[in-house]
Amino acid sequence: MTVTDLVSYEDALATYEPVMGLEVHVELGTKTKMFCGCSTTLGADANTQTCPTCLGLPGSLPVVNATGVESAIKIGLALNCSIAEWCRFARKNYFYPDMPKNFQTSQYDEPIAFDGYLDVQLEDGEVFRVEIERAHMEEDTGKSTHVGGATGRIHGASHSLLDYNRAGIPLIEIVTKPIKGAGERAPEVAKAYVAELRELIKALGVSEARMEMGQMRCDVNLSLMPKGSETFGTRSETKNVNSLRSVERAARFEIQRHAAVLSSGGTVVQETRHFHEDDGSTTAGRIKDNAEDYRYFPEPDLVPVAPSREWVEELRKGLPELPRVRRNRLREEWGISEHDMQSILNAGAVDLIVATTEAGADAASARKWWMGELARRANEDGVELAALPITPVDVARVAALVAEGSLNDKLARQTIEGVLAGEGTPDEVVDKRGLKVVSDEGALGKAVDEAIESNAAIADKIRGGKVAAAGALVGAVMKATRGQADAARVRELILEKLGVEG
Ligand SMILES: [Zn+2]
């Protein structure tokens, strides 16, 4: 099935009701791995952060990372889940080269957290409740790199490289109950859910949850049922969708694809799908039938986890203000609409703007720079805002230079460009590039005089009352000062010198 065979979104929704299930894996930000003392720092040379335990060598024994368990409980509590009084790890048995033990240590029928919900706010302010089935602890696998093929996939590769640094890094898998009743808004709900979850994880301080770095990955399960039916259709599982926008697009594409298959009398195949960023389509991965059996059994080398109720209550008391509550508070403080707040959330800019105001900028300028110039740059470079090499302190400094009149907007953009290019702090960039606004009244006055002299006809028009014509003279002065003058001040000077009221 190709993209051109899709049923239009409107037609699909006129006939079918989508049912979604979202599975999100979050890599915890613990210093060490889940079952051994190996470091979790990103970017180390391949296979330098490994030990007999995470390589599954004979005789090695795992030990549970207490911070990992604590983080799992915090996530469970923030998702309004019940926390198990007693639960165990389980072995999920299967072979894959990136998994040295031949099983993944996970949880099966005894998750640490279960039966919760997360309320998510849609762009128009409506709140949609997403019910949570479970949140369980497990470990990440290693990483395979396929070399020699065109697409980085295993097909066509000449050989593969394995890095086990990631093997054993703690993961929390959060699984929703089937999400029904969202109708045409299903893709929006999926995106809003992942966005809200990301904010929640960050607020809890258990992970940076940076999707572009794979610290948070989403599988989008989707099926359709005829409107009015209560029987779920066959689902597809689109794996490892790595941005909010992609989550929305993947859900939308699958709705249209399923509808096309069903409307033409076909049968949806239960399979995994790969999502393609370039055209927003998905393609078939491996067939998955329900008979898949991982031979789960309780992990014999680890003691059960039995968090005391006192500990759980202590963690509950320590939970931070929840992101949705905080956003509503900030939205009122900043005096902006639901829609604007939603855009800020989707851009991952809430904390950046808060930090920028804490560094001295007013909220309006902080918002302007992060959601304008910087969002544009992040989009161009295909990274999240937080990954740009500029800090809230830098942005606050740029805003301050604009506020005091040392920079105009154009020069401020050049300053930001310099900071992003690694030329130093805003002050250093202004210095090196010579970006100060010409605020020397003498120099400015001279430039204005020259502009009036060489544009005598326009000057006469202005004297005669055509104030609008002043724009041409402002332009001439800005050109003469290479854009480094304060345009408003230039206009004032021109009118003053021509003896006209602004
Ligand atoms: Zn290790």
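Predicted model: local features only at pLDDT ≥ 70, side-chain atom pairs only at ≥ 80, totals over all residues.
**Domain contact and zinc site**

Between domain 1 and domain 2 there is one residue pair in polar contact, both residues at pLDDT 80 or more (a pair of N or O atoms within 3.5 Å; within protein, one must be able to donate a hydrogen and the other to accept it, and residues adjacent in sequence count only if both atoms are side-chain atoms). Residues are numbered from 1 along each chain as its sequence is written, and side-chain values use heavy atoms, with hydrogens and water left out.

One salt bridge is counted between domain 1 and domain 2 (a side-chain nitrogen of Lys or Arg within 4 Å of a carboxyl oxygen of Asp or Glu). R198 pairs up with E384 in a salt bridge, with 3.0 Å between the closest N and O atoms.

Then there's the zinc ion. Its protein donors are C36 (SG), C38 (SG), C51 (SG) and C54 (SG), lying 2.3 Å from it (donors are N, O and S atoms within 2.8 Å of the metal, or 3.2 Å for Na, K and Ca; water is not among the atoms, so sites may look incomplete). The site is tetrahedral, with angles of 101 to 115° among the four donor atoms (four donors count as tetrahedral if all angles lie between 85 and 135 degrees). Along the sequence, the donor residues follow the spacing C-x1-C-x12-C-x2-C.

Terms used
Tetrahedral: all angles 85-135°; square planar, octahedral: opposite > 155°, others 65-115°.
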